[in-house]
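Biologist: Please take a close look at the ligand site. Walk me through what surrounds it.

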Amino acid sequence: MKLNIFANPNLLHEAAAQTIVRLLRQKPDAVLGLATGGTPVGIYEALTAAVRRREVSFARVASFNLDEYVGLPPDHPASYRYYMDQHLFRHIDIPPERTHIPDGCAADLERECERYDRLLQAAGRIDLMLLGLGHNGHIGFNEPGRALHSKTHVAILHPQTREANARFFRTPEEVPTRAITMGLGSIFSARTILLVVKGNDKADIVHRALTGPITTECPASLLQLHPRLVVMLDEGAAARIKCQTTQNAFHEPVDSTNGLW
Ligand code: PGA
């Protein structure tokens with residue numbers, strides 16, 4: 001694990017974006033796994049700026065998003081297709097047909113999950129999977145529980161997840177109860193996983209995920225097993241990790257992601 005802690009969120013966004021820029025410079029046809037939510041917004045802004053400065057091109061990239069709500073059409077402002085278009089895709093040069101997000105309105109959700117897995121398989125390995133972290137330890141919509149799924153599947157959203165995401169809807173009742181999400185197998189098959197977490201409210205779950213027991217009750221704890229995990233935290237999210245770092249030299253922080261690709 002490479003652990004980077006940043007003094008403020010802007011530095012974190014810039015560093016995460018530059019990690020992706022560096023990858024694309026070396027591998028212009030990379031396959032990216034992308035995330036939504038509050039965390040990546042600043043990263044996508046930094047990527048947009050990099051494209052505008054002509055530092056990088058997404059023309060040959062293929063992207064696969066982690067998840068989509070069941071029942072929300074692409075033009076619903078809280079759908080993840082809408083989010084990705086607004087925050088990234090319409091500002092960069094990625095061809096729309098190379099951007100993939102599960103269809104939450106598919107008539108047959110099981111078949112849609114199978115279709116998504118086939119697309120993932122045909123694209124080859126994900127080079128870099130960008131992940132956020134839920135307060136309950138979820139990654140994508142792989143929620144805590146007695147078992148986890150390897151493949152793309154329909155997930156029932158945890159009440160805590162619906163509560164956290166209610167800010168994107170007019171009323172809490174509007175938050176869908178289900179979503180299609182990539183499974184742990186697809187996430188884990190990525191060559192590199194970039195886990196980005198911000199805010200003091202995530203300090204406890206960051207600590208649990210990165211230093212606690214590996215358990216399906218905290219899906220992100222499985223990331224401890226990934227051979228190329230890069231963790232980027234702001235000071236708030238790192239609050240409990242830092243204590244541990246100074247006390248017993250847990251996972252020595254590194255300054256850069258050089259040598260990753
Ligand atoms: P957030 O969500 O970035 O909106 O905090 C992260 C997540 O739930 O994975």
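Modeller: A word on the annotations: UniProt positions are given in the numbering used here, feature names are shortened, and annotations may be inferred rather than shown by experiment. The unreviewed UniProt entry marks Asp-67, Asn-136, His-138 and Glu-143 as "active site". Of these residues, Asp-67, Asn-136 and His-138 are included in the lining of the largest pocket. Pockets are found on a 1 Å grid over the protein atoms alone: a pocket is an open set of points where a 1.4 Å probe fits, with protein on both sides within 12 Å along at least five of seven lines, and lining residues have an atom within 4 Å of a point.

This is a predicted model; local features need pLDDT of at least 70, side-chain atom pairs count only at pLDDT 80 or more, and totals for chains, interfaces and linings use all residues. Residues are numbered from 1 along each chain as its sequence is written, and side-chain values use heavy atoms, with hydrogens and water left out.

Now the ligand. Its space is the largest pocket. Around the ligand (a heavy atom within 4 Å) are Gly-37, Gly-38, Thr-39, Gly-132, Leu-133, Gly-134, His-138, Arg-167 and Lys-202.

For Thr-39 the distance is 2.5 Å. For His-138, also in the "active site" annotation, the distance is 2.6 Å. For Arg-167 the distance is 2.8 Å. Taken alone, the ligand exposes 280 Å², and the protein buries 84% of that (Shrake-Rupley method, 1.4 Å probe).

Technical notes
A polar contact is a pair of N or O atoms within 3.5 Å; within protein, one must be able to donate a hydrogen and the other to accept it, and residues adjacent in sequence count only if both atoms are side-chain atoms. A molecule sits in a cavity or pocket if more than half of its atoms lie within 2 Å of its grid points.
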